[in-house]
Amino acid sequence: MPSAASLLPRGDWLVYQNPLIGLKGGYHVPGFEKCRAIDQNQGLKMTPDPHIFREYDIRGIVGDQLTDEVVEMLAYALGIFYYRNDARRVAIGYDARMSSPRFCEILTRGLNASGIDVISIGMAPTPVLYHTVFTREVDGGVMITGSHNPPDHNGFKILLGHDALFGSQIQEIRKIAMSEPPAPGITGASPNGAASAEGQSRDSVERIEVLNDYCDDIVSRVSFGSGKLKAVIDAGNGMGGVTAVPVLEKLGVELVKLFIEPDSDFPNHHPDPTVEENLIDLIEAVRVHKADIGIAFDGDADRIGVVDENGRIIWGDELTILLSRAVLAERPGSTIIAEVKCSQTLYDDIEKNGGNAVMWKAGHSLIKAKMKETGAVLAGEMSGHIFFADRFYGFDDATYAAARVLEILSKTEKQLSELLADIPKTFSTPELRVDCPDDIKFDVVSRIAEHFSLDHDVITIDGARIKFDGGWGLVRASNTQAILVLRFEASSQDSLEAIRNIVEQEVKTAISKLEA
């Protein structure tokens, strides 16, 4: 990565106060904003791009929005946040992206400087970090991961206790990072919330091995039948193979392995199972090897994609139908959550099988909080986040979800396609992504809701889900990318196309007006 001084021509020199390395000069780095002066002698303080503080994580482009200097500021801000919330021991894990180990070192130093002990699990999938937080004596956790985003992205998923942060908590960290940090080397009470006398700078990092414990725990929580299964797994060179291979092999599944070695360049295809073209290799392998199922993982292995024995894609809402039926057979009357992009057939199926269906916002932190509030035992998203509180901890884990799907198949002579054959036929689109600048995307959604509410019922739990005769259309702003997410469903292909055309035209109009 080029140094800060090489990014822009001379003449844009800044001097800023850094909480870890003291007073430092450098040329302006993209992703920073010039903020208020620290004092007349020290020039201007540099602050992180506010757009990296998303609804349920902190995420941006490496070398632009996420420079080493920005991560240092975030690290210290996180430490202050944890200390204010009585957290003293925090677990850290990271994915295979090139920037992740370096960011881990910076984050560790920042947390230590704030009085926080660090428990490092090294390179691991996101669910392994979650599992560590639930099973070890720690007060929270940070996962450094770019998830399913492009190779030049990275970010931080943050837990306080067992709860994933979102909304106002993320903004609290932003405010700390934007404010003037305490001077280097200073401990003791501070009006800005710096570490108290009990939180003096520490040098405490404990490195622990957790992968074997995680795998053994997953295996112990499922009970396979006598059916022998063959599965193709495609990790997309993300982190999924790290856990899926040992877990599924221990469960006796015959595996055909695709792209299981982590590679930050993602040389074969991008690890995002919501995009159909990323499943082409999986579909072909299922057909060639006559497998019972194909399973794909996103970059940090908290999302799952599935294809049946014929190579047909089973989207997240259909997969949740399969899983909800199994859960409700054992736990009738249970609450099951699905997000706003899911098919109406899912909500209907849950109710038909004696469950309590709840529609909620998309986003892993938001879903987990709603599960805790309602006591839900299962939740599913179109994106492939599957959350089990039934026989599990309540977080999203693609390897555990895969094991639960395979458990169902091992106890029946039916193929996966047969288990879902009775779902009422509808016509729908996958998630459609429309580029939209971060600074207008929520305004676009507001305009869409206002426009259609004049003569349609509009559900505004998360975005605008517009009811039409024979179908619905959804427009919502992504909380992780500069895009709008659209989805449509109808009782016929003609109705689907008509609804889609109406909504997409209004979206284009709204974007054009707001960009003008």
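Mentor: Happy to! Let's begin with a definition: two strands pair if DSSP finds at least two bridges between them. Keep in mind, too, that this is a predicted model.

Trainee: How do you know that β17 and β19 pair?

Mentor: Strand β17 (residues 335–339) and strand β19 (residues 378–380) share three bridges, and the definition asks for at least two. The two strands therefore count as paired, and the sense of the pairing is parallel. Alanine 338 stands opposite glycine 380 in β19.

Trainee: Which sheet do these strands belong to, and what makes a strand in it an edge strand?

Mentor: It is an open sheet of four strands with mixed pairing, in the order β18-β17-β19-β20. An edge strand pairs on one side only, as β18 (356–360) and β20 (386–388) do. From one strand to the next, the twist averages 15 degrees. Helix α8 (residues 316–330) lies across β17, β19 and β20, and runs at about 15 degrees to β20.

Trainee: That brings me to helix packing. Why are α8 and α9 called roughly parallel?

Mentor: Two packed helices are described by the angle between their axes and the distance between the axes. Here α8 and helix α9 (residues 344–352) pack at an angle of about 5 degrees, with axes 9 Å apart. The cut-off for roughly parallel is under 35 degrees, so α8 and α9 qualify.

Trainee: Which residues meet there, and how do they divide by class?

Mentor: From α8 come Asp317, Thr320, Ile321, Ser324, Arg325 and Leu328, and they meet Thr345, Leu346, Asp349 and Ile350 of α9. By class, this contact has four nonpolar, three polar and three charged residues.

Trainee: What makes α3 roughly perpendicular to α5?

Mentor: The axes of helix α3 (residues 126–135) and helix α5 (residues 211–220) come within 10 Å and cross at roughly 90 degrees. Angles of 65 to 115 degrees count as roughly perpendicular, and that is why α3 gets this description relative to α5. Pro127, Val128 and His131 of α3 make the contact with Leu211, Asp213, Tyr214 and Asp217 of α5. These residues divide into four nonpolar, one polar and two charged.

Trainee: How do you know that the buried residues of α7 line one face of the helix?

Mentor: In helix α7 (residues 280–289), the buried residues are Leu282, Ile283, Ala285 and Val286. Looking down the axis of α7, these residues fall within an arc of 165 degrees, so they line one face. An α-helix has 3.6 residues a turn, so residues three or four places apart point the same way. On the other side of α7, Ile280 and Val288 are exposed.

Trainee: What do the buried residues of α7 pack against?

Mentor: They pack against β12 (230–234), β13 (254–258), β14 (293–297), β15 (304–307) and β16 (313–314). Lysine 290 follows α7, and its phi is positive, near 50 degrees.

Terms used:
Residues numbered from 1 in each chain as written. Predicted model: local features only at pLDDT ≥ 70, side-chain atom pairs only at ≥ 80, totals over all residues. Heavy atoms only, no water. Axes fitted to C-alpha atoms, helices over the stretch in contact; angles between N-to-C directions. Contact = heavy atoms within 4.5 Å. Parallel < 35°, antiparallel > 145°, perpendicular 65-115°, else oblique. Nonpolar A, V, L, I, M, F, W, Y, C, P; charged D, E, K, R; others polar. Buried < 20%, exposed > 50% of the residue type's maximum accessible area, 1.4 Å probe, protein only. Arc of directions from axis to C-beta.
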